[in-house]
Amino acid sequence: MEIFVQQLINGLTLGSIYGLIAIGYTMVFGIIGMVNFAHGDVFMLSAFISLIFFLILTTWLGISSVVLALFFVLIIAMVLTSLWGWTVERIAYRPLRGSFRLAPLISAIGVSIFLSNFVQVAQGARNKPTPPMVGDVIVLFQGASGYNVALSYKQIIIMVVTAVLLTIFWYVVQKTSLGRAQRACEQDRKMAALLGINVDRTISLTFVIGAALASVAGTMYLLYYGVVSFSDGFVPGVKAFTAAVLGGIGSLPGAVLGGLIIGLIETFWSAYFSIEYKDVAAFSILAIVLIFMPSGILGRPEVEKV
Amino acid sequence: MNAPSITTTAQTNTVSRNFDLAAAFKDALKAALITLGLSIPILSYKTNQSGADLFLTSRWGLVAIVCAIVFGLRLVLHAFTASKAYAKATPSPRQATELVDAGPSAFQKASRFGVPFFLGVALTFPVLIYLIQGGLNESRYWVDLGILILTYVMLGWGLNIVVGLAGLLDLGYVAFYAVGAYSYALLSTTFGLSFWICLPLAGILAAFWGMILGFPVLRLRGDYLAIVTLAFGEIIRLVLINWVDLTNGGAGISSIPRATFFGIPFTAGEDGFAATFGLEFNGMHRMIFLYYLILALALLTNFVTMRLRKLPVGRAWEALREDEIACRSLGINTTNTKLTAFAIGAMFGGFAGSFFAVRQGFVSPESFNFLESAIILAIVVMGGMGSQIGVAIAAIVLVGGPEVLRNLTFLQSVFGTGFDPNEYRLLLFGAGMVAMMVWRPRGLISEREPSVILKERKAISGSLVKEGHG
C-alpha cells in the first residue's frame with residue numbers, strides 16, 4: 001500500500017513532464033499532420049539552457065533563493081527555447097509544405113540528429129549534474145513496515161507549475177483569437193486562409209507554444225533528476241510521443257491524459273516488474289496502441305479520403 | 001525564405017541587375033541577430049566540470065564568429081537568388097528549345113561511363129592501394145576503410161528496397177543488422193557452425209524477423225509506420241542488452257570465429273591460407289578476403305534489386321510508393337507486396353550483419369542504436385531514394401568523407417590541434433538531411449530510369465514523379 005501511494009506520486013510527477021512534451025507533438029500533428037521528431041531534442045536543449053542560466057543566476061548573480069532563481073530560469077528558458085522552435089520550423093519545415101509526404105519527417109530526423117550533436121559539440125558529451133536545488137521532503141505518513149511515503153518539494157513544484165501552465169495554455173487555446181485561428185487551421189487550412197487567417201504565422205506560433213511547454217518540461221526534468229546529457233532527448237521524446245498517441249493524437253486533453261498514464265505505467269512497471277525493461281514497456285505500448293487503437297483514447301478516428 | 005527584393009521583383013516582373021542591397025543587408029542582420037539569440041547560452045557559455053561542481057566559461061568570441069558567418073552566408077544567398085531571378089526573367093534565346101529537348105542530360109552521359117568506372121575501381125581497389133602505398137601492411141588502413149564503406153553501401157542498398165522502392169520509411173533497419181550479427185555470433189560460438197552456413201541462416205532469420213515485425217505495422221500510414229519500426233528497433237536493442245543469459249548483455253559476445261577461405265583459416269600454421277598457397281604469411285590476406293567478400297555481397301544485393309525491379313513484385317513496390325490507393329484499386333495485394341519488401345530488405349540487412357560480426361569478431365548492442373539506422377537512412381535519402389548508384393556515392397561521401405578530412409593536416413592548423421572532423425560528422429549529417437529535403441528532396445541523383453518502357457528508353461527527372469499517399 002505504501003509503495004503503491006509512493007509510486008502513484010512519482011508516476012504523476014513523471015507523467016506531468018511527459019504530458020508537457022506530448023502537447024508539443026499533438027499540436028504540431030494536429031495542425032500540419034507531421035511527427036515533429038525533433039521535439040524531444042528541443043526538450044533536451046531547453047534543459048541545457050535552464051542548467052546554464054541556473055548556474056549564472058546562482059553563482060554569478062548570487063541569487064540565493066532557489067525558487068526565485070527557478071522562476072527566472074523558467075521564463076528565460078521559455079523565451080530562448082521558443083526562438084529555437086520558431087527557427088527550426090522556419091528553416092526545416094516551412095519550405096517543405098507541399099513536398100512529398102515523408103519529406104517533413106526525414107527533415108525532422110535531420111534536425112533531431114543536428115540538435116543532439118550540436119549540444120554534444122558545444123557542451124561536451126559528459127552528463128551534467130546540477131547543484132542540488134530543492135532537497136526537502138514532506139513525510140505524508142509512515143507505513144506499518146516503517147516505509148515512509150514522502151512527497152518532495154520538487155514534486156510539488158513540478159505538479160503545481162504543470163497545472164498552472166496547462167491552465168494558461170488551455171485558456172489561450174480555447175478563449176483567445178490565436179487559439180481560434182489555430183483550431184481553424186487544424187480543421188481546414190485552406191479555408192482558414194481564405195477567411196483571412198495568417199496560416200504561416202499560426203503554424204509558427206504552434207511551434208513556439210510547443211517549444212515553450214517543452215522548455216517547462218526541460219526545466220522540470222532537470223529539477224527532478226538533477227542531471228542532463230546531450231542524448232537525453234531521444235527516450236523522453238519517444239515516450240511523450242507515445243503519450244500523445246495513446247491520448248489520441250491531435251487531442252490536447254488526450255496528450256496530458258496520455259502523459260499521466262505513461263508516467264504511471266513506467267513507475268509501476270519499474271516498481272513491480274523489472275526496471276530493465278521499463279523502456280521496452282513504453283515502446284511496446286507505442287506499437288500496440290498504433291496498431292490496434294490508432295485513434296487513441298480521446299482522438300477522432302481518421303477517415304482516409306481519395 | 002524569400003528575400004524582400006525578390007518578392008517585389010516577382011510582382012513587377014522587371015528584374016534589375018543590381019539587387020536591393022539595403023534590404024538584403026537588413027535581412028542578413030536579422031539572421032545574425034537570431035543566431036545570436038540561439039547561441040545564448042548554449043554556445044556562449046560552456047559548462048565545465050571540476051569534481052562535483054560545474055562552472056562556466058564564456059566563449060563570446062566563438063559566438064561572434066558564428067554570427068558573422070551566418071551574416072555573410074545570408075548576404076551571399078541573397079546575391080545568388082537575385083542573380084537567379086534575373087536570369088529567369090531574361091530568357092536566353094535557346095530556352096524554348098531546351099525545355100522540350102529530351103536528349104540525354106549530362107548526368108546520363110556521365111553515368112554510361114560512371115558505373116563501369118566505379119565497378120572497376122571497386123574491383124581493383126586493394127591492388128591500387130597496394131601499388132600506391134607500396135606494401136601490404138601500409139595499405140591496411142585503406143582496405144579497412146574500403147570494407148567499412150562497402151558495408152554501408154550494402155546496408156544502403158538493402159534499405160533502399162524498403163524506403164526507395166516500396167516507399168516504406170523504416171527507422172528500425174538496424175534491428176535486422178543486429179539480428180544478422182547476433183545470429184552469426186550465437187550460432188558460431190554455441191554450435192560451432194562455419195560462416196558459410198551461418199550467412200544464409202542469418203539472412204533467413206533476419207527476413208523472418210522482418211516479416212514478424214512487418215506484419216502488424218502494414219496497416220499504418222507512412223509516418224506512423226516509421227515510428228513503430230523505430231520502436232521495434234529500440235525494443236530489439238533493449239532486449240539484447242537485458243537478456244543477459246542469451247546475449248551476454250551489454251558486454252557483448254567476443255571471440256567470434258574469424259572468416260576462413262572456404263574452410264582454410266587465415267593463420268600462420270601449416271594448414272593456413274598462406275602455407276596452402278605458398279605465400280608468406282600476412283594478416284592482410286584476411287582483410288583483402290573480407291574486402292572481396294563484402295564487395296560480392298554488396299554486388300549481390302545490387303544485382304538482386306535490379307532484377308527484382310523488373311519482376312512484377314518490383315513493379316508493384318514502385319507502384320505502391322507512388323500511390324497506395326491506386327494500387328489497391330488495380331488489385332495489387334498491398335500486404336504481400338509490403339511484406340516482401342520488408343523481408344527482402346531485412347534479409348540483406350542480416351547478411352550485412354553477419355559480415356559485421358565476422359569482421360569485428362565482437363558484437364555488442366551498442367553497435368545497433370538508433371543513430372546507426374539514421375546514418376543508413378541518411379545515405380539512402382541523400383543518394384536519392386531509389387537510385388542505386390546514388391546510394392553508393394552517398395555512402396562513399398558520408399562514411400569516407402570524414403575519414404579523409406581527418407587525414408588532412410592543414411585543417412588542424414586552421415582549427416587548432418584538437419580538431420577531429422568525426423566530432424562534427426553527425427552534426428553535418430543532420431544539417432545535410434535537412435538541406436537535402438529543402439533543396440533536392442529527390443536526392444543527389446534524381447534521375448529515374450523507368451522500369452517499364454514503351455518503345456523508347458527515356459529517363460525522367462525525379463521531380464516529375466509525384467508521390468501519393470503511402
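Over all chains, the structure, a predicted model, holds 29 aromatic pairs. Rings of Phe, Tyr and Trp (its six-membered ring) are paired if their centres lie within 6.5 Å; planes under 30 degrees apart count as stacked, over 60 as edge-to-face and the rest as tilted. In one of the pairs, the ring centres of A:Tyr93 and A:Phe207 are 5.5 Å apart and the planes stand at 40°, so this pair is tilted. A:Tyr93 belongs to helix α3 (residues 66-93) of chain A and A:Phe207 to helix α8 (residues 199-225) of chain A, so the pair ties together parts that are 114 residues apart in sequence. Helices (H or I, at least four residues) and strands (E, at least two) are DSSP runs, numbered from the N terminus. A:Tyr93 has a relative accessible area of 3% and is buried; A:Phe207, at 5% relative accessibility, also counts as buried. Here buried means under 20% relative accessible area, exposed over 50%, and partly exposed in between (1.4 Å probe, protein chains only).

In chain B, B:Tyr177 and B:Phe368 form an edge-to-face pair, with 5.5 Å from centre to centre and 85° between the planes. B:Tyr177 lies in helix α7 (residues 174-191) of chain B, while B:Phe368 lies in the loop between α15 (334-360) and α16 (370-382) of chain B; the pair therefore ties together parts that are 191 residues apart in sequence. B:Tyr177 counts as buried at 3% relative accessibility, and B:Phe368 is buried with a relative accessible area of 2%. In chain A, a cluster of A:Phe43, A:Tyr221, A:Tyr224 and A:Tyr225 is linked by ring pairs.

The number of disulfides (pairs of cysteine sulfur atoms within 2.5 Å) over all chains is 0. Among the cysteines, A:Cys185 counts as buried at 1% relative accessibility, and B:Cys67 is buried with a relative accessible area of 11%.

Strand β2 (residues 137-142) of chain A runs antiparallel to β3(A), and 5 bridges join the two. Two strands pair if DSSP finds at least two bridges between them. A:Ile138 stands opposite A:Leu151 in β3(A). Of the 5 residues of strand β3 (residues 148-152) of chain A, 4 are buried, so this strand is largely enclosed by the rest of the structure.

Residues are numbered from 1 along each chain as its sequence is written, and chains are lettered from A and ligands numbered from 1 in the order in which they are written. Local features need pLDDT of at least 70, side-chain atom pairs count only at pLDDT 80 or more, and totals for chains, interfaces and linings use all residues, while side-chain values use heavy atoms, with hydrogens and water left out.
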